[in-house]
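User: I am new to this structure. Please walk me through the terms used for it.

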Amino acid sequence: MAADIEDIVVPANQEGTRATVLRWSKRAGDMVERDEPLLELETDKVVVEVSSPASGELLEILKNPDQEVAPGEVLGRVRASAADEPAGASKAAPVTPAAGPPLKVNDERSRELLSPAVRRLLANHRLNADAIEGTGRNGRITAQDVTRHLGHPQLDERPEASFAGAGEAANSTRIPHSAMRKRIAEHMARSLAVAPHVTTLFEADLTRIMAHRAKHADAFRRRSVNLTLSAYFVQASSEALRRHPQLNATFHEDALELHGDINIGVGTALGDQGLIVPVIKGTQHMNLGTIAERLGVLVNAARNNALKATDVRGGTFTISNHGVGGSLLAAPIIINQPQVAILGVGKAQRRVCVIEQQGSEAIAIRSMAYLTLTIDHRAVDAFQANAFLSTVVEVLENWPED
């Protein structure tokens, strides 16, 4: 192939996840700039921008929207212009470039470099790009820049659906599956087919957790951190995984791989679009405040389509807090392969319970929740599963007041 022809390839992915071409922002024959976003790929986890490897002409597009692609596949080709010099190339003599200041967003060329994901975020939140400082190459605005500017935005409001009136016949509608929904379906079916799922059920008294949260929520809020119940479950799970490392593992045919870091993924619903699992890495080194802060950043990014690929990789254990939607119990919850277990957390509910008080039994109203642990029975047995859940309950029920 001629030296001035550059391939546009699917980025490498450590998990080998396939992707689907979502959209191209340029057409064959258009002139493009080095590092300018050319297209978006969608996996079951994130939308990934693919940028131009060189400045020049977009010579051809080889993969069209809705086509599946694998890491390393060629998506298209760019004919590099004579003036384009690859990054890192040596120069004949040191030259002081006569470059001006970084591109401003109100420059026409800079506006063209905004990726489709950034344009959607700006449109959804009615933002002017001129008000946002870009941290990308040459001052280009990234999705993370928009999310940072928003702070902690709420979910986009959606128009209410219209329903047929009484007595009117309504036609059925076929909604094509998105690439994310296809990948989720494939991942869930494969997990259930490969791993024998077994679920154990415990009940946890969250009364001390609720009191601690009520006492400290305002202080966290003043630091712009939302102290959610999920943060407590992450820390309790992290401690349980430290004590029971067989649950913080990957099953291989010839061995069980125990991971040194405890990287906990938290299932995050994206409305009708599906589910994504951002990962809090190294939780064994974090306290409650750090976990709550990191969780808030990841959930906010997930709901604004601003997660990076690294934010959803490397998980060693997953929590599904289905109780946020009102669910009391869900079983089995499908394991997020290649992990060996997943914790399900039901809705916290005030219930009348029999408790021990000063050596005798008493009737009291407590905040209770059902916890389930679904395991891959190839890797973990009931004894280990019950020991793990016992530790989670112990940590939650004995949470310190301060």
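User: Which four strands form an open sheet, and in what order?

Analyst: The order is E5-E4-E2-E7, with antiparallel pairing. This is a predicted model, where local features need pLDDT of at least 70, side-chain atom pairs count only at pLDDT 80 or more, and totals for chains, interfaces and linings use all residues. Residues are numbered from 1 along each chain as its sequence is written, and side-chain values use heavy atoms, with hydrogens and water left out. Strands here are DSSP runs of E with at least two residues, helices are runs of H or I with at least four, and both are numbered from the N terminus.

User: What makes strand E5 and strand E7 edge strands?

Analyst: E5 (47-51) and E7 (68-69) each pair on one side only.

User: How do you know that E2 and E4 pair?

Analyst: Two strands pair if DSSP finds at least two bridges between them. Four bridges join E2 (residues 19-24) to E4 (residues 37-42), so the pair meets that rule. The two strands run antiparallel. Trp24 stands opposite Leu39 in E4.

User: What else links E2 and E4, and why is Glu40 with Arg23 called a salt bridge?

Analyst: A salt bridge needs a side-chain nitrogen of Lys or Arg within 4 Å of a carboxyl oxygen of Asp or Glu. For Glu40 and Arg23 the closest N and O atoms are 2.6 Å apart, so the pair qualifies. This pair links distant parts of the chain: Glu40 is in strand E4 and Arg23 in strand E2, 17 residues apart. By this rule the count comes to 16 salt bridges.

User: Which strands form the other open sheet, in the order starting with E1?

Analyst: Four strands form that sheet, in the order E1-E8-E6-E3, with antiparallel pairing. E1 (5-9) and E3 (31-32) stand at the edges; each has a single partner strand, so one side of each is left without a neighbour in the sheet.

User: Why is helix H6 called oblique to helix H7?

Analyst: The axes of H6 (residues 229-243) and H7 (residues 288-303) come within 9 Å and cross at roughly 125 degrees. That makes H6 oblique to H7, because under 35 degrees counts as roughly parallel, over 145 as roughly antiparallel, 65 to 115 as roughly perpendicular and the rest as oblique.

User: Which residues make the contact between H6 and H7?

Analyst: Contact means heavy atoms within 4.5 Å. H6 contributes Ser230, Ala231, Tyr232, Val234 and Gln235, while H7 contributes Leu288, Ile291, Ala292 and Leu295. By class there are seven nonpolar, two polar and no charged residues.

User: What makes Ser224 and the prolines stand out?

Analyst: Most residues other than glycine have a negative phi, and most peptide bonds are trans. Ser224 has a positive phi of about 60 degrees although it is not a glycine; its place is the loop between H5 (207-222) and H6. A cis peptide bond joins Ala331 and Pro332, with omega about -10 degrees. Another cis bond joins Gln337 and Pro338, with omega about 10 degrees. Pro332 lies in the loop between E16 (317-320) and E17 (341-345), and Pro338 is also in the loop between E16 and E17.

Terms used. Axes are lines fitted to C-alpha atoms, for helices over the stretch in contact, and angles run from 0 to 180 degrees between N-to-C directions. Ala, Val, Leu, Ile, Met, Phe, Trp, Tyr, Cys and Pro count as nonpolar, Asp, Glu, Lys and Arg as charged, and the others, Gly among them, as polar.
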